[in-house]
Amino acid sequence: MASGKWQVSTGGGTQPRWRADGKELYFIAPDGKLMAASVTASGATFAAGTPVPLFSASPVPGAGTNKQEYMVSRDGRFLINQPVESFTTTPITLILNWKAKP
């Protein structure tokens, strides 16, 4: 391509990261899935394979697109920020003015 711009995803994505050997590009798709696309480059030639979903990354809500939500280690494992599980407390029932049975 003469423009110097290549497209890996037609649906968009954020937070791109390269695999350590440069043969794969990871990114988070708009639906929250961590995607991987194989890539080949030689000189001015660049080709990207069809992105495939790896797993749901569930980015932390409100973190924005410029935050680092995940990292890829040299051995290909992922470290991902996950939202803290929400929990609810069990309500307490308090009975007032009760009389004990004789």
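These questions and answers set values from one predicted protein chain against the definitions behind them.

Q: What kind of model is this, and what rules apply to its numbers?
A: The model is predicted: local features need pLDDT of at least 70, side-chain atom pairs count only at pLDDT 80 or more, and totals for chains, interfaces and linings use all residues. Residues are numbered from 1 along each chain as its sequence is written, and side-chain values use heavy atoms, with hydrogens and water left out.

Q: How do you know how confident the predictor is in the chain?
A: Look at pLDDT, the predictor's confidence in each residue, from 0 to 100. The chain averages 80, and 80% of the residues score at least 70. Among the elements, strand 2 has the highest mean pLDDT (91) and strand 7 the lowest (81).

Q: What makes a stretch of the chain a helix or a strand?
A: Both are DSSP runs, numbered from the N terminus: a helix is H or I over at least four residues, and a strand is E over at least two. By that rule the chain has 7 strands and 0 helices. The order from the N terminus is β-β-β-β-β-β-β.

Q: Why are strand 1 and strand 2 called a pair?
A: Two strands pair if DSSP finds at least two bridges between them. Strand 1 and strand 2 (residues 24-28) have 3 bridges, so they pair, in the antiparallel sense. Arg17 has Tyr26 in strand 2 as its bridge partner. The two strands form a hairpin with 5 residues between them. Gly22 in that turn has a positive phi of about 75°.

Q: Why is Gln15 called buried?
A: Buried means under 20% relative accessible area, exposed means over 50%, and partly exposed is in between (1.4 Å probe, protein chains only). Gln15 has 7%, so it is buried. Gln15 lies in strand 1 (residues 14-18). Its phi is positive, about 55°, although Gln15 is not a glycine.

Q: Is Asn97 buried or exposed?
A: Asn97 has 80% relative accessibility, so it counts as exposed. Asn97 sits in the segment after strand 7 (78-80). Its phi is near 60°, a positive value in a residue other than glycine.

Q: What share of the chain counts as buried?
A: Of the 102 residues, 20% count as buried. The accessible surface, from the Shrake-Rupley method with a 1.4 Å probe (for residues, only the protein chains shown count as cover), comes to about 8,200 Å². Carbon and sulfur atoms hold 57% of that surface.

Q: Which residues does Arg17 touch?
A: A contact means heavy atoms within 4.5 Å. Leaving out residues up to four places away in sequence, Arg17 touches Glu24, Leu25, Tyr26, Gln68, Glu69, Tyr70, Met71 and Val72. Arg17 lies in strand 1. At 16% relative accessibility, Arg17 counts as buried.

Q: Why is the link between Asp21 and Arg19 called a salt bridge?
A: A salt bridge is a side-chain nitrogen of Lys or Arg within 4 Å of a carboxyl oxygen of Asp or Glu. The closest N and O atoms of Asp21 and Arg19 are 2.8 Å apart, so the pair qualifies. Side chains of opposite charge can pair when their charged atoms come close. Asp21 has 43% relative accessibility and counts as partly exposed. Arg19 is partly exposed too, at 28%.

Q: Which residues are linked in a network of salt bridges?
A: The network links Arg19, Asp21 and Glu24. Glu24 meets Arg19 at 3.2 Å, N to O. Glu24 is buried, with a relative accessible area of 18%. By this rule the count of salt bridges comes to 4.

Q: What does Arg77 meet in a salt bridge?
A: Arg77 meets Asp75, at 3.0 Å, N to O. Both residues are exposed; Arg77 has a relative accessible area of 59%. Arg77 lies in the loop between strand 6 (70-72) and strand 7.
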